[in-house]
Amino acid sequence: MIFVAGSANLDFVVRASHIPAPGETVLGRGFQTFPGGKGANQAIACARAGGAPTQMLLALGDDAYAQPLEASLKDAGVVAHVLRTADQSTGTAFICVSDDAENAITVAPGANLALQAQHLPPLAGCSHLLLQLETPIEAVTAYAHAAKTQGVQVVLNAAPAQVLPKALLDAVDVLVVNEGELASVAQHQGSVAECLARLDVRCIVVTLGHRGCCARMDGEILLQAAFPVTPVDTTAAGDSFCGALTAALSQGHSLALALQYGSAAGALACTRPGAQSSIPTHAEVQALVHSGTPSGADAELRKFCGFTA
Ligand code: ADP
């Protein structure tokens with residue numbers, strides 16, 4: 001079983017011709033709300049895309065915004081442990097998407113900031129704890145150490161990008177980052193290889209968008225080219241990747257196969273709009289993996305990352 005502790009936000013999305021400049025008002029169109037937040041997205045990805053039994057700790061306000069978030073988790077089969085805050089509203093994100101696919105996002109974390117060390121239940125029966133950085137870093141660090149003490153593997157998706165306290169990095173078994181997050185964690189602007197050389201986490205996975213991903217495990221480098229798709233909305237590609245990867249690891253698969261599952265889930269998420277609404281099913285992920293993994297791009301990926309052959 002996987003346990004996820006993290007954020008849940010209701011996304012308020014308006015489409016407009018352009019993103020308003022300071023002081024400007026733009027008449028938008030096509031308003032929609034979408035359940036989101038990295039924690040909830042990844043919990044749903046573990047369950048739906050990964051087919052793994054999943055539980056999640058999250059904090060929600062006592063308001064109407066909480067209901068669609070709980071419903072979305074339940075729909076995916078995630079067992080939710082909800083901390084209900086009376087004085088903070090449910091986390092929200094206000095997103096303007098322009099016709100040229102730029103976006104501007106303002107997040108009001110609200111209840112997400114209420115998660116503290118003591119809120120994590122015992123992790124009996126869990127193999128992996130999956131964490132992100134949209135909740136207070138002190139709580140994330142405490143959860144990672146609690147998992148370690150209980151013999152549970154800690155997977156950290158270090159997003160949004162920030163410098164990590166050593167106490168947190170020390171407790172991480174698998175670190176998942178995109179290029180920008182890798183630069184922040186390594187505190188270095190340079191190639192993937194250079195950044196990895198500055199970190200001593202046992203297993204690091206770096207997602208590289210349409211290029212694919214790579215990993216370093218016990219000094220060995222693994223490369224995985226992306227599954228070719230025509231993207232319409234890349235929201236939640238990273239979250240789908242993290243969930244499917246963690247699910248595959250919890251099911252005892254090798255890291256190489258877990259990278260394939262993560263890549264297939266990330267690619268499929270790019271073909272659909274929204275966050276949680278774009279996360280594929282386990283059957284879809286399996287079908288893409290079994291259709292044959294992309295090959296021939298390893299040399300290109302190796303060069304891009306700066307690994308010498
Ligand atoms: P994030 O959204 O966190 O920045 P990435 O953009 O690196 O994460 O995407 C995560 C993973 O999703 C990638 O490693 C890749 O496997 C898959 N992915 C992302 N964009 C594409 C794309 N355009 N085509 C195919 N796969 C993609």
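Me: How many strands form the open sheet with β5 in it, and in what order?
Reply: In this predicted model, 9 strands form an open sheet in the order β5-β4-β1-β8-β9-β10-β11-β12-β13, with mixed pairing. Strands (E, at least two residues) and helices (H or I, at least four) are DSSP runs numbered from the N terminus, and two strands pair if DSSP finds at least two bridges between them.

Me: Which strands stand at the edges?
Reply: β5 (79-85) and β13 (220-225) do, and each has a single partner strand, so one side of each is left without a neighbour in the sheet. The twist averages 15° from one strand to the next, where axes are lines fitted to C-alpha atoms, for helices over the stretch in contact, and angles run from 0 to 180 degrees between N-to-C directions.

Me: What packs on that sheet?
Reply: Helix α1 (residues 38-49) does, touching β1 (2-5), β4 (54-61), β8 (128-131) and β9 (153-157), and its direction makes about 155° with that of β4; contact here means heavy atoms within 4.5 Å. Helix α7 (residues 237-250) lies across β1, β8, β9, β10, β11 and β12 (212-217), running at about 170° to β8.

Me: Switching to the ligand, which residues come nearest?
Reply: Of the 18 residues around the ligand, those are Asn178, Thr207, Gly209, Gly212 and Phe227, where a residue is near if one of its heavy atoms lies within 4 Å.

Me: And what do asparagine 178 and threonine 207 do there?
Reply: A polar side-chain atom of asparagine 178 lies 2.9 Å from an oxygen atom of the ligand, while for threonine 207 a polar side-chain atom lies 2.8 Å from a ligand oxygen. Within the sheet, asparagine 178 also stands opposite threonine 207 in β11, and strands β10 (residues 174-178) and β11 (residues 203-207) pair in the parallel sense over 5 bridges.

Me: What classes of residue make up the shell around the ligand?
Reply: The shell has 10 nonpolar, 8 polar and no charged residues.

Me: Where is β7 in the other sheet?
Reply: There, 4 strands form an open sheet in the order β3-β2-β6-β7, again with mixed pairing, and β7 (103-108) is an edge strand, as is β3 (29-36), each pairing on one side only. Strand β6 (residues 91-98) runs antiparallel to β7, joined by 6 bridges, and alanine 93 stands opposite valine 107 in β7.

How values were computed:
Residues are numbered from 1 along each chain as its sequence is written. This is a predicted model: local features need pLDDT of at least 70, side-chain atom pairs count only at pLDDT 80 or more; totals for chains, interfaces and linings use all residues. Side-chain values use heavy atoms; hydrogens and water are left out. A polar contact is a pair of N or O atoms within 3.5 Å; within protein, one must be able to donate a hydrogen and the other to accept it, and residues adjacent in sequence count only if both atoms are side-chain atoms. Ala, Val, Leu, Ile, Met, Phe, Trp, Tyr, Cys and Pro count as nonpolar, Asp, Glu, Lys and Arg as charged, and the others, Gly among them, as polar.
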